Amino acid sequence: MEPSPSIVQRAMGDAYARLHPRIQEQYSITSSSHAAFIGQGVMDEVWHGRWYVVPFLHVGATRRILFPEVSQGVPFEIRNYAYLDGLGRETVTWKRTFRFPNRIREFDEYFVFSERRNGPVLYAGTHQHLSVDLNFAAEDDGSLVVRTTGQRLHTGPLSFAFPRFFSGDALVRESFDDSSQRFLVDVSISNRFWGPILGYRGWFNLERSDCAPDEILDGVRPVRVVGRH
């Protein structure tokens with residue numbers, strides 16, 4: 001019996017095979033893989049937009065969605081785990097840690113495949129207050145490009161489309177450099193009205209390790225699970 005496809009495999013279909021083999025390996029894990037990917041590296045630059053976006057970054061930092069720090073040469077860690085969440089959905093984490101000179105910041109995201117939306121949905125932050133639709137694409141050089149589209153805010157029992165005036169669109173490009181044997185990443189978040197919000201670029205190494213779902217460390221799963229897309 002063949003293993004079930006991962007969230008990214010389902011989302012990309014035949015285009016998944018065009019990704020670099022190391023990127024395919026990273027995004028192939030499911031809850032039945034009993035594996036995690038742990039990486040360390042350096043973000044050459046972490047930046048944010050103009051002064052008026054900084055208060056929103058401070059608010060986002062309380063839920064590990066955004067952060068206000070800027071720096072260069074920032075030690076970085078990424079952890080990808082796969083498990084079934086409390087609603088029985090296949091879930092993969094993008095848990096990132098940035099070690100700034102005076103502060104450690106975490107940036108937590110969890111994504112699932114939504115049957116209702118017929119595509120992957122990402123929940124941001126510890127309490128999953130924000131969800132966004134994801135679009136995955138492969139470039140000719142094997143890079144993975146991820147774009148966010150529709151966004152929704154979840155507060156209490158209510159869910160509603162997040163106004164475009166306040167929301168940010170993310171663009172992620174991840175590639176693998178064969179000469180250095182490193183993953184390269186470039187992330188930018190911007191708003192069509194307010195301009196650039198936050199971004200970072202750099203590199204990391206990545207290693208697969210054995211990790212059953214019941215061995216995932218405390219603090220990896222979100223505090224609250226939202227089932228509304």
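Let's start at Thr97, which lies in strand β3 (residues 90-99); strands here are DSSP runs of E with at least two residues, helices are runs of H or I with at least four, and both are numbered from the N terminus. This is a predicted model, where local features need pLDDT of at least 70 and side-chain atom pairs count only at pLDDT 80 or more, while totals for chains, interfaces and linings use all residues. Residues are numbered from 1 along each chain as its sequence is written, and side-chain values use heavy atoms, with hydrogens and water left out.

Thr97 has a relative accessible area of 7%, so it is buried (buried is under 20%, exposed over 50%, partly exposed in between, with a 1.4 Å probe and protein chains only). Setting aside neighbours within four places in sequence, Thr97 is in contact (heavy atoms within 4.5 Å) with Pro75, Phe76, Glu77, Ile104, Arg105 and Glu106.

Now move to helix α3, residues 54-61, whose buried residues are Val54, Leu57, Gly60 and Ala61. Viewed down the axis of α3, these fall within an arc of 115°, so they line one face of the helix; the arc is taken from the directions from the helix axis to the C-beta atoms. Phe56 and Val59, on the other side of α3, are exposed. The buried residues of α3 pack against β1 (35-48), β4 (104-114) and β11 (195-210).

Neighbours within four places in sequence aside, Pro213 is in contact with Ser31, His34, Ala82, Tyr83 and Arg221. From Pro213 to Val8 there are 205 residues in sequence and 19 Å in space, C-alpha to C-alpha.
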